[in-house]
Amino acid sequence: ARSTVRAADRLHLTQSAVSRALLAAETRLGVALFRRTPRGLTPTAAGARLIEGAGGVLAQLVALERQVVAPAPAPRRLRVVCECYTAYRWLPSAVAGLARALPGVELELAFEHTGDPVAGLAAGTLDVALVTNAPVRAPLRALPLFADEVVVVVAADHPLAERPTITADDLRPHALLLATTTPEAERRWFVRAVFGGRAPALRTLRFPLTEAIVDAARAGMGVAVLSEWIAAAYVDRGLAVRRLHEPLRRSWRLAFRPEVADAARPLAVALAGVAPRLYA
């Protein structure tokens with residue numbers, strides 16, 4: 001019959017092979033799919049339903065076959081760094097959680113760029129960075145994340161421990177205990193925010209480790225200036241944590257290269273939902 005001849009040509013099979021396949025299908029289903037006439041094959045009602053639904057099923061099978069044989073896309077790797085060393089107290093666990101929430105994106109911490117993350121972004125050796133006061137200029141971009149509060153930590157028997165909040169005048173006579181890794185832009189931001197345009201000649205003592213800063217405060221050597229999520233870990237350890245009289249909040253941003261904008265945006269949304277104080 002001409003119908004089976006045409007089908008055989010399209011399927012690259014012999015006419016007899018097509019006829020046997022049709023007969024096998026009808027035998028398996030227990031229903032006639034085509035009526036044989038002198039003019040060829042005419043679909044029965046069951047055959048018409050089969051033809052109508054076969055297109056979608058075959059398309060799904062073709063798509064599934066392509067997915068199976070196609071190589072899996074390589075994960076998009078983003079090199080991440082944070083401008084502030086103290087944030088590494090919570091950032092690794094946050095990155096691990098975000099990696100599970102962002103399939104197809106592989107996050108890698110690049111600690112070596114902590115000192116100058118913006119330079120790493122500009123050089124292309126870094127993809128995204130959590131920054132506070134570092135200037136981010138075009139073509140680099142930045143998205144807002146969250147804010148933390150800067151507080152002071154003093155020895156439990158320090159005179160300032162008796163005050164409910166700390167003013168700028170309270171701080172003037174005392175040495176400020178800072179980290180050697182504190183970016184200069186952040187130090188200037190703190191002084192300007194707390195003391196205004198005419199900042200006093202403040203004494204500062206710098207230490208390489210947060211633990212050393214805290215121990216110096218415990219020893220009465222000065223007043224430690226720390227993020228709230230770090231300070232919270234040392235409450236009731238011979239220390240007192242006090243807020244500034246005018247609460248000082250530090251804004252965090254996600255800076256990134258424009259080439260990774262499609263991955264950086266969902267990462268910023270995910271990070272914005274992270275409350276760093278939970279990791280203190």
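**Cavity and pocket linings in a predicted model**

Biologist: Which residues line the largest cavity?

Modeller: Leu176, Leu178, Arg187, Phe190, Val191, Leu202 and Thr204 line the largest cavity. The elements giving two or more residues to this lining are β8 (176-179) and α7 (184-195), and α7 provides the largest share, 3 residues. Helices (H or I, at least four residues) and strands (E, at least two) are DSSP runs, numbered from the N terminus. This is a predicted model, in which local features need pLDDT of at least 70, side-chain atom pairs count only at pLDDT 80 or more, and totals for chains, interfaces and linings use all residues. Residues are numbered from 1 along each chain as its sequence is written, and side-chain values use heavy atoms, with hydrogens and water left out.

Biologist: Why is a space called a cavity or a pocket?

Modeller: On a 1 Å grid over the protein atoms alone, a cavity is a set of points where a 1.4 Å probe fits but cannot get out, whereas a pocket is an open set with protein on both sides within 12 Å along at least five of seven lines; lining residues have an atom within 4 Å of a point. The search of the whole structure finds 1 cavity of 30 Å³ or more.

Biologist: What is the volume of the second largest pocket?

Modeller: The volume of the second largest pocket is about 540 Å³, a volume being the space filled by probe spheres set on grid points joined across faces, edges and corners. Of its 27 lining residues, Cys84, Thr86, Ala179, Thr210 and Leu226 are the closest to its centre.
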